[in-house]
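I opened the notebook to work through this model one item at a time. My notes follow in the order of looking up.

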Amino acid sequence: MLKMTGRAAACCALFVLAACGGGGGGGGVEPNTAPAPLTSKADALREFAVALNGSQLPSQFLQVLRPSSAAAAAAKSGGWQVSRGWHGPVGAPVMAKERSSGQCDGGGQYDFEDGVTTHVYRYFGSREASAFRIGRPTRCSVPQDQFDDFSSFHVYDGRHEDGETGTLPDDSAFVYVRGGEAGGYFSFSYQEHNNGKLSYASNNRYRGDVEVRSPPEGGFDIRSVMSYREDETDGYEAAVDLGEAGRPLQILLGESGLVFNGTYAYRSEDCAGGRLTISTPEPIVTNENGTATGGRIRLDSGGASASLLLKPDGSGTLQLPGGESLPVSGAELEQLEQNPC
């Protein structure tokens, strides 16, 4: 069976890359833009597993910058904005900008600018009054766990921006986050220290933006064009690009189910990756346990296409580029969920 639980269910599953990547960092690896192989059962299932276990990246970015946002339903743990506080929502008559700066608890500097402005949600073609926050941290270190000789920190560096409309007259709402700028990434790192020395670090970098619309009837519509890089002190590296200029990757949860549309490219230490386009000819539906019980997902890469039909019993049917249809057991899908590569 293929389950979409936890964070994968909340922003639902495109690119978690949990076993095949994840995150973003300061390493040298770049996404593989060559076609990904889809011609064999093993290759096709691996790519479907990466996609379905996967795009946490837009929701992860939301989680880092907007952990309290209703649109970031997956966000359960705090980012630095929890400790700094949010000055929203829109509706307050304050139009002037406010600015604050100072020392971070674990070292480094923070600098925030808050206000209200008319923001263009370009992926939705909408202009809305929005409360915003712009952050320009410089190696801003926020202590996490501290005991005995062990300590851990979140470290932020680079420009980021986020904002929201609050509830609009039609009962919809918009949220956006943006990281980095033309010359560099916004970085978010997790570090562990033993006896005052760095023992482990996971370095994640983001550049691009995520826009979310929450429609009146519920669900969400996430659209994103972003680059994500990760490296860890143990040598692991991963890189993912979502969407293309002017053509965001979309993750839509509506009354009929979950829909993916868009192009992505990736590579990690464990997966060769490639450039693929994902679509859902039939929206994905799940039961109360989060198990996918219906829907059809399609992947296109280099002129070849494969599709995976999900069935009520947790199994599936895989159609390869040559037209061959193969059964996929629930156990096979579950194994791929645990380790796509």
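**Entry: a strand and its partners**

In which sense do strand β11 and β12 pair, and over how many bridges? I looked up the pairing in this predicted model. β11, residues 197-214, runs antiparallel to β12, with 12 bridges between the two.

Strand β13, residues 237-242, pairs with β12 in the antiparallel sense over 6 bridges. There I found D231 opposite E237 of β13. The hairpin of β12 and β13 has 4 residues between its strands, and G235 takes a positive phi near 100°. Strand β14, residues 249-254, is also antiparallel to β12, through 5 bridges. D221 turns up here as well, opposite L252 in β14.

Why do I call strand β12 largely enclosed by the rest of the structure? I checked burial along residues 220-232: 12 of the 13 residues of β12 are buried, so the strand is largely enclosed.

**Entry: D114**

Next I looked up D114, which sits in strand β4, residues 109-121. Is D114 buried or exposed? Its relative accessibility is 4%, so I count D114 as buried; the cut-off for buried is under 20%. I also looked for a side-chain partner. The D114 side chain makes a polar contact with the side chain of R133, at 2.8 Å.

**Entry: aromatic pairs**

I searched the whole structure for aromatic pairs and got 10. One of them is Y121 with Y176, an edge-to-face pair with centres 5.8 Å apart and 75° between the planes. This pair links distant parts of the chain: Y121 belongs to strand β4 and Y176 to strand β9, residues 173-179, and they are 55 residues apart. Both Y121 and Y176 are buried.

**Entry: nonpolar cores**

Which residues have the most contacts inside the largest nonpolar core? I read off Y264 and L318, in a core of 50 residues. Helix α2, residues 41-52, gives the largest share of this core, 6 residues.

I listed the contacts of L318, leaving out residues up to four places away in sequence. Among them are K41, A44, L45 and F48, and also S307 and L308. E324, S325, L326 and V328 are on the list too.

There is a second, separate core of 9 residues. Y121, F124, F132 and L168 are included in that second core.

**Entry: Q335**

I placed Q335 in helix α5, residues 330-338. Its relative accessible area is 46%, so I note Q335 as partly exposed. I also took a C-alpha to C-alpha distance: Q335 and A49 are 9.4 Å apart in space and 286 residues apart in sequence.

**Entry: confidence**

The chain average is 81, and 79% of the residues score at least 70. Where does pLDDT stay under 50? I found residues 5-27, with 105 contacts beyond four places in sequence. I also found residues 67-95, with 64 such contacts in the model.

How values were computed. Residues numbered from 1 in each chain as written. Predicted model: local features only at pLDDT ≥ 70, side-chain atom pairs only at ≥ 80, totals over all residues. Heavy atoms only, no water. pLDDT = per-residue confidence, 0-100. Contact = heavy atoms within 4.5 Å. Buried < 20%, exposed > 50% of the residue type's maximum accessible area, 1.4 Å probe, protein only. Pairing = 2+ DSSP bridges. Polar contact = N/O pair within 3.5 Å; in protein donor to acceptor, adjacent residues only side chain to side chain. Core = buried A, V, L, I, M, F, W, Y, C linked by side-chain atoms within 4.5 Å. Phe/Tyr/Trp six-rings, centres within 6.5 Å; stacked < 30°, edge-to-face > 60°.
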